[in-house]
Amino acid sequence: MEDRCARQNNKRLNETTMTQLIVDGHLDLAMNALEWNRDLTQSIETIRGSEQGMQDKPDRMNGTVCLPEMRKGKVGLCVATQIARYVETTNPLPGWKSPHQAWAMTQGQMAWYQAMEEIGQMIQINNLDSLEKHMKLWEEPSAETPIGYILSLEGADSIISVSYLERAYRYGLRAIGPAHYGPGRYAQGTNATGGLPAEGRDLLKEMDQLGLILDVSHLNDACFQQALELFQGPVWASHNNCRVLVPHNRQLDDRQIEELIQRDAVIGVALDAWMMVPEWIRGKSTPQTMNVSLEQAFQNIDHICQIAGNSRHTAIGSDLDGAFGKEQGPQDVNTIADLQKLPGLLSTKGYSKRDIENIMSGNWINFLRRAWS
Ligand SMILES: [Zn+2]
């Protein structure tokens with residue numbers, strides 16, 4: 001009798017923890033479709049198989065994200081990016097040689113999202129009404145339920161001039177991270193030095209006017225500080241880990257985390273291995289040798305919860321398709337569907353059902369409700 005009871009309890013635990021709706025705060029789906037030439041409507045096996053022998057990207061044959069795997073993992077909503085960098089001739093980072101080319105790249109990415117909408121694979125979520133309808137739809141999803149996406153721009157270089165923002169808002173852009181890696185036209189990103197240029201201050205003003213969300217991920221410390229002072233609207237960090245766990249300027253220090261919590265922000269924990277364990281060496285370290293797993297994602301989640309004193313400010317911003325795959329992700333994540341292991345992990349660490357729901361989906365959803373009401 002006792003045994004059966006324990007089994008039933010276990011089953012119930014599995015039911016509540018294994019079929020949790022997941023909202024992922026950061027994916028680069030269109031970049032994968034267009035620059036990696038991945039048909040994300042195909043199975044992960046098909047996509048990996050089609051990349052045999054290819055050497056042009058570090059993550060060939062190791063991709064973990066496609067639409068069928070998102071459905072399998074009940075990732076019903078994500079923040080999906082447009083991304084295209086402009087680089088001056090002195091900048092060694094890969095990128096476009098003019099903002100106009102970068103803009104055109106993002107328009108191609110937009111066209112891909114729209115093409116996914118036309119075949120019912122995805123649906124753009126851009127206001128309170130579409131959000132609530134989508135949440136209802138995902139209470140009982142079918143194999144055909146479209147995956148929702150909130151359109152975000154990672155690095156604002158492609159915004160030719162601030163006047164383009166309104167146009168972007170009209171096709172659905174709802175969040176901007178002004179910087180990415182290196183120096184940017186509007187803000188300085190990871191590893192870059194210096195503060196916000198005048199263009200960046202104008203961009204933030206216009207974002208405030210339009211009601212866009214500011215994504216502070218990738219801003220360097222000086223721009224992070226200036227942006228928070230200037231910008232009045234809703235702020236999130238779509239994919240960011242903690243500097244106390246892995247010391248690097250890409251990560252948020254505790255003071256920044258506190259500041260974000262005061263702004264009612266949500267911080268999405270990223271699953272890029274180099275941001276999860278110290279001293280990761282790109283192309284050399286492996287998830288196995290460095291023992292990278294969802295355990296470190298938990299440590300980041302827990303650190304933010306401990307600072308906040310609650311579970312309302314952290315979530316998932318996996319970045320699982322951000323130019324890396326299995327070779328640079330947690331060893332217990334074969335595909336994005338394995339995000340469903342997190343609820344169970346959080347549960348074994350003593351997190352309550354409510355806390356787990358907050359972290360897996362509720363915090364992003366409630367953030368959007370606040371931002372859009
Ligand atoms: Zn990204």
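**Group meeting: a walk through the model**

Let's start at Leu346, which is found in helix 12 (residues 341–348); helices here are DSSP runs of H or I with at least four residues, strands are runs of E with at least two, and both are numbered from the N terminus. Before going on, please keep in mind that this is a predicted model, where local features need pLDDT of at least 70, side-chain atom pairs count only at pLDDT 80 or more, and totals for chains, interfaces and linings use all residues. Residues are numbered from 1 along each chain as its sequence is written, and side-chain values use heavy atoms, with hydrogens and water left out.

Back to Leu346. Is Leu346 buried or exposed? Leu346 has a relative accessible area of 0%, so it is buried. By that word I mean under 20% relative accessible area, while exposed is over 50% and partly exposed is in between, using a 1.4 Å probe and protein chains only. Leu346 and Leu173 are 173 residues apart along the chain, and 33 Å separates their C-alpha atoms.

Now the whole chain. There are 13 helices and nine strands. The radius of gyration is 20 Å, close to the 21 Å from the globule rule for 373 residues, so the chain is as compact as a globular protein of that length. That radius is taken over C-alpha atoms, and the rule is 2.2 Å times the number of residues to the power 0.38. The C-alpha trace spans about 70 × 45 × 45 Å along its principal axes. Of the 373 residues, 57% are buried.

Next, the rings. How many aromatic pairs does the structure hold? The count is seven. Rings of Phe, Tyr and Trp (its six-membered ring) pair if their centres lie within 6.5 Å; planes under 30 degrees apart are stacked, over 60 edge-to-face, and the rest tilted. Take Trp103 and Tyr164: their ring centres are 4.8 Å apart and their planes sit at 80°, so this pair is edge-to-face. Trp103 belongs to helix 5 (residues 99–118) and Tyr164 to helix 7 (residues 164–170), so the pair ties together parts 61 residues apart in sequence. Trp103 counts as buried at 10% relative accessibility, and Tyr164 is buried too, at 18%. Together with Tyr171, Trp103 and Tyr164 form one aromatic cluster.

Tyr164 has another neighbour for you to look at: Arg167 lies over its face, 4.4 Å from the ring centre. Over the ring of Tyr169 sits the charged end of Arg174, 3.8 Å from the centre. For a charge to sit over a ring, NZ of Lys or CZ of Arg must be within 6 Å of the ring centre and within 35 degrees of the ring normal.

On to the empty space. Rolling a probe the size of a water molecule over the atoms shows where such space is left. On a 1 Å grid over the protein atoms alone, a cavity is a set of points where a 1.4 Å probe fits but cannot get out; a pocket is an open set with protein on both sides within 12 Å along at least five of seven lines; and lining residues have an atom within 4 Å of a point. Points are joined across faces, edges and corners, and a volume is the space filled by probe spheres set on them.

The largest pocket holds about 930 Å³. Its lining has 37 residues, and Trp36, Pro94, His180, Gly322 and Ala323 lie nearest its centre. By class, that lining has 14 nonpolar, 12 polar and 11 charged residues. Here Ala, Val, Leu, Ile, Met, Phe, Trp, Tyr, Cys and Pro are nonpolar, Asp, Glu, Lys and Arg are charged, and the others, Gly among them, are polar.

The second largest pocket has about 330 Å³. Sixteen residues line it, with Leu21, Met135, Glu139, Ser361 and Ile365 closest to its centre. Which helix gives the most to this lining? Helix 13 does, with eight residues.

As for cavities, three of 30 Å³ or more turn up in the whole structure. The largest has about 70 Å³ of space, and 13 residues line it, including His180.

One last stop: Asp264 has a positive phi of about 65° although it is not a glycine. Asp264 lies in the loop between helix 10 (254–262) and strand 8 (267–269), and is partly exposed, with a relative accessible area of 35%.
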